[in-house]
Amino acid sequence: MQLQVEVSLGSRSYRVLIGPGVLKMLPELARQNALGSSYAMISDTNVAPLYSKTLNDTLKNDGFRGTVITVPAGETSKSLQQVENVCQQMVEARLDRGSFVIALGGGVIGDLAGFVAAIYQRGIPCVQAPTTIVAQVDSAIGGKTGVNLLAGKNLVGAFHQPSFVVADTETLRTLPEREFNEGFAEIIKHAIIRDREMFESLEKIERETLEHLIARNVKIKAQIVSSDERETSGERAILNFGHTIGHAIENAAGYGRYLHGEAISLGIAAASTISMRAAGLSAAERERIVERLQQFGLPTKLDASVSMEAIMKALLSDKKFVDGNVRFVLCPKIGEAFVSSDVTLEMIREAIDGLRHRHL
Ligand code: NAD
Ligand code: GLY
C-alpha cells in the first residue's frame with residue numbers, strides 16, 4: 001500500500017511518499033516538481049550496489065542525465081572532506097544550478113547529500129530517497145542537513161528542505177538486523193514525546209505493514225517541523241529527546257562503535273532517569289521505556305571503555321548548549337515532553353554514570 005504525508009511549510013511544502021516500490025515514481029515526481037534534467041545521485045558503498053543501477057537506468061530511460069557518486073558507508077563520511085569530494089565530482093560531471101541531488105541511502109547520506117545540495121553553486125534542489133528506518137521516519141524529513149567536526153556531531157550544516165521524499169519500504173528488506181533495530185530508537189523517541197498509543201502498539205511489530213508505522217512517525221515529525229521549522233519556538237526541540245547525551249556518547253565512543261540509534265537508545269535511557277528527578281516521570285514508566293528499548297536489542301548499559309571525560313567534552317560542544325546552559329528535553333509521562341533549562345551538568349553526569357553502573 002502507498003501512503004502519503006504532507007509537510008506543510010508554505011511555499012516549501014512537500015510530499016512524503018511511503019510504501020513498496022515508490023522509488024520508481026522518482027522521475028515522474030522530479031518532472032512534476034520541475035527539478036531540471038540532470039542529477040547527482042549520492043549513495044554509499046552498501047546501498048549503491050543494491051539500488052543505484054535500477055534507479056539510474058529508470059531516470060536515464062526517462063530522459064534525465066546524471067551521475068552516481070558513492071562514498072564509504074558509515075558515519076565517518078559525514079565530513080567536510082566528503083563534502084568537498086562530492087562537490088568536486090559534481091563539477092566534473094558538469095552539474096550546474098539547474099541540476100538536482102538525489103540522496104539514496106540512510107541518514108548519513110541524507111545529511112551529507114542534503115548539505116551538498118544546500119551549498120552546491122549556492123543551493124540546488126534535493127530529493128530524499130531514504131533506505132533505513134532512521135532515515136524514513138526521521139532524518140529525510142524536516143530539512144536538517146550537515147556533517148560532523150572532530151569536536152562533535154552535526155556542527156556544520158544548513159536547513160534545506162527536500163523537494164519531495166520517496167520512502168520505499170521494499171529497500172528495508174536488505175537492512176541487516178542490527179541496522180533494522182536501531183531505527184526503533186527514533187520510533188520509540190517519537191512515541192515517548194508524542195504518541196502513548198504507539199508506544200503500547202510497539203509491543204508487537206508486523207513487518208508486512210511497516211509502511212503504516214513509518215507513516216505514523218512521518219506524521220509526528222511533519223507536524224512538529226511544520227509548526228517550528230527552524231527550532232526557534234522550542235516545539236521542534238522536543239525531537240531531541242535522548243539526543244544530547246546520545247550524540248555525546250556516539251562521538252566519544254568513536255564513530256562506528258555504536259550505530260546512531262544505539263547511542264540514542266543510551267541517551268533515551270539517561271534522559272528518562274533525569275526525567276524521574278526533574279519532571280516527575282514514574283519509576284515504572286522509566287522501566288517500561290528501558291524494556292521497550294531492550295525489546296529491539298538496543299543497548300541501555302554503557303560500555304565501560306567509553307570515558308566520562310570524553311562524553312562530557314563532546315557534550316559541551318553540543319549545539320543545544322547556549323551560553324553554557326543546556327536546553328534539555330524531559331518527559332513527565334510517556335506521550336509528553338517539554339524543554340527545560342533546569343537540568344544541570346551534575347544531573348547529566350550522574351545519569352551517564354548510572355548507565356554504566358546500574359544493572360538496567
Ligand atoms: P547510515 O546511513 O549509516 O545507515 C546505516 C547502515 O545501513 C550503513 O552501513 C548503510 O550503508 C546501510 N544501509 C542503508 N540502507 C540500507 C539498505 N536498504 N540495505 C542494506 N544496507 C543499508 O545510518 P542511519 O542510521 O540511517 O542514520 C544515522 C545518521 O542520521 C546519523 O548521522 C544521524 O546523525 C543522522 N540523523 C539525522 C537526522 C536529521 O534530522 N537530519 C535525524 C536522525 C538522524
Ligand atoms: N532529528 C531532530 C530534528 O529533526 O529536529
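Trainee: Which helices do the buried residues of α11 pack against?

Mentor: Happy to show you! This is a predicted model, where local features need pLDDT of at least 70, side-chain atom pairs count only at pLDDT 80 or more, and totals for chains, interfaces and linings use all residues. Residues are numbered from 1 along each chain, chains are lettered from A and ligands numbered from 1 as written, and side-chain values use heavy atoms, without hydrogens and water. Helices are DSSP runs (H or I, at least four residues), numbered from the N terminus. The buried residues of α11 pack against α6 (177-194), α7 (196-201) and α10 (260-279), contact meaning heavy atoms within 4.5 Å.

Trainee: Which residues of α11 are buried?

Mentor: First, the general idea: an α-helix has 3.6 residues a turn, so residues three or four places apart point the same way. In α11, Glu285, Arg286, Ile289, Val290, Arg292 and Leu293 are buried (under 20% relative accessible area; exposed is over 50%, partly exposed in between, with a 1.4 Å probe and protein chains only). They cover an arc of only 160° around the axis, which puts them on the same side of α11; the arc is taken from the directions from the helix axis to the C-beta atoms. On the face turned away from that buried side sit the exposed residues Ala283 and Ala284.

Trainee: What comes just after α11?

Mentor: There you will find Gly297, with a positive phi of about 70°.

Trainee: Which helices each supply at least two residues of the shell around ligand 1?

Mentor: Look at α2 (48-61), α4 (107-119), α5 (133-139) and, once again, α6.
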